[in-house]
Amino acid sequence: MSNTATMDSKTAWGGNNESPYGASYGKLMMWFFLISDALSFTGFLSAYGFYRHYYGSLWPSAENVFTHFPFMHGHHPLLYVALMTFILIMSSVTMVLAVEAGHRMDRKGVIVWLGWTLLGGAIFLGSQAWEWYHFIHGTELGAIELGRGTFTLPNGTVEHTYGVIARWADDSKQALLLPWREIAGNITSPFIQLTGEELTKVLASGKEIFGANLTHNEYGHPLFGDFFFFITGFHGTHVFSGVILNFIIFVNVIMGTYQKRGHYEMVEKVGLYWHFVDLVWVFVFTFFYLV
Amino acid sequence: MEHSHDNHAHGHAPEPYKYAAHHSEEEGKKTRRMIWNMFWVLLAITTFEVTLGLVWKYLEINWGAVKMTFIILTVAKAYFIVAYYMHLKHERKALKNTIIIPFVLFALYLLYHIFTEGVYSEMMDKYFF
């Protein structure tokens, strides 16, 4: 069959059945899908970055929001999300090891490594559910969402208080912290505090908030909650569908489908998707939790 | 492994599958070494990022510098994942360009709009809230 192929109507558009990319149709389409998906996430994260800077100090700092760690008491900022990141990177490693085993037609190796990848994905999803639970529930202390009114800063600027979240200084609930710290000084200086008569006035028009949902957020501006639910939710949906896809391929590997076919390219294709999910998390981790 | 010595496994795959990759035991060893090396690199970067995120306030490092470090390290991590784990570094040039160039162009375009057109949100706040 080699060297006898001539240009005819069947092969002309196919470049004589040679891919200029040196890749199969399926792999190419997976890459194209990933580009479009990457653009969606780029849009979400740039919008997040924009609003984060737009609202300045009204925006909560993630390290004050996500401070829990399972079975441990106290304040552990970033620790759990760092562990989640590690688990997802680890599952990316096991995925690429499954692809490598596929290239050697090592069915057992693919089963083992793909199995670990499935486990990593499941743990990550569970962790995300756990984190959502804590974010939705909030703290025991709660916060006060201020009502309509104005507040004059030490430098004379008048700020509108509607919707601004003020947090309690401590358990005694004797002082509220207003989030205008930049004007009050540099980032390490305390927030503006409200006590006594001013506090009573603010409490009368304000509302107590516990936890976060789409319209209220005890940690700060409600848009933070919206972005959190939307971006980590959209990413979690990707992880979930990734786990489903990996599971389907896993079953096929066990049944020997790809061994019969002579190659494990399907593992490579879901592998691309899985690495992409990990890649998105790398960015979510940076822009949501670190920056 | 029972089918690994049939014709399909060694380059005689039917036409649509000729691009499916195979490699030998030695090549596999090399690839696995690369995979684990990359793992340590990714782990080191992540550990550094988390540590920096926790200590920068106490070390009184400038926040702008910290932020830029985070972004540069994140892009570095993304490069390692795409180039090595997603194998893009060893794909043909045509495939690399087709994937990287449109994405980078559109991403920069998005950022451009956010930086230049973002002023309208102030008007939104004024007129709608």
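Predicted model: local features only at pLDDT ≥ 70, side-chain atom pairs only at ≥ 80, totals over all residues.

Author: A cavity is a set of points on a 1 Å grid over the protein atoms alone where a 1.4 Å probe fits but cannot get out, and a lining residue has an atom within 4 Å of a point. With a threshold of 30 Å³ or more, the count comes to one cavity. Two helices of chain A, α3 and α4 (107–137), each supply at least two residues of the lining, helices being DSSP runs of H or I of at least four residues, numbered from the N terminus. The largest share, four residues, comes from α4(A). By class, the lining has seven nonpolar residues, three polar and one charged; Ala, Val, Leu, Ile, Met, Phe, Trp, Tyr, Cys and Pro count as nonpolar, Asp, Glu, Lys and Arg as charged, and the others, Gly among them, as polar.

Numbering runs from 1 along each chain as its sequence is written, with chains lettered from A and ligands numbered from 1 in written order. Local features need pLDDT of at least 70 and side-chain atom pairs pLDDT 80 or more, totals for chains, interfaces and linings use all residues, and side-chain values use heavy atoms, without hydrogens or water.

The second largest pocket has a volume of about 1,400 Å³, a pocket being an open set with protein on both sides within 12 Å along at least five of seven lines. Its lining comprises 46 residues, of which T42(A), F283(A), F287(A), F103(B) and A107(B) are the closest to its centre. Both chains contribute: α1 (25–55) and α9 (265–290) of chain A, and α2 (63–85), α3 (93–117) and α4 (120–128) of chain B, each give at least two residues. The largest share, 14 residues, belongs to α1(A). The lining of this pocket has 34 nonpolar, seven polar and five charged residues.

The contact between the chains (heavy atoms within 4.5 Å) takes 62 residues from chain A and 58 from chain B. The buried area, the accessible area (1.4 Å probe) lost on joining and summed over both parts, is about 5,700 Å², with carbon and sulfur atoms giving 71%. Three salt bridges cross this interface, each a side-chain nitrogen of Lys or Arg within 4 Å of a carboxyl oxygen of Asp or Glu. One salt bridge joins E25(B) to R104(A), with the closest N and O atoms 3.5 Å apart. On the side of chain A that touches chain B, two or more residues come from each of α1, α3 (79–103), α8 (257–261) and α9 of chain A. Again α1(A) holds the largest share, here 16 residues. That side of chain A divides into 34 nonpolar, 16 polar and 12 charged residues. From helix α3 of chain B, I114(B) touches S46(A), A47(A) and F50(A), residues up to four places away in sequence being left out.

Over all chains, the structure holds 10 salt bridges. Among them is the pair K27(A) and E268(A), whose closest N and O atoms are 3.0 Å apart. Since K27(A) lies in helix α1 and E268(A) in helix α9 of chain A, this pair ties together parts 241 residues apart in sequence.

Key:
Points joined across faces, edges and corners; volume = space filled by probe spheres on them. Buried area = accessible area lost by both parts, 1.4 Å probe.
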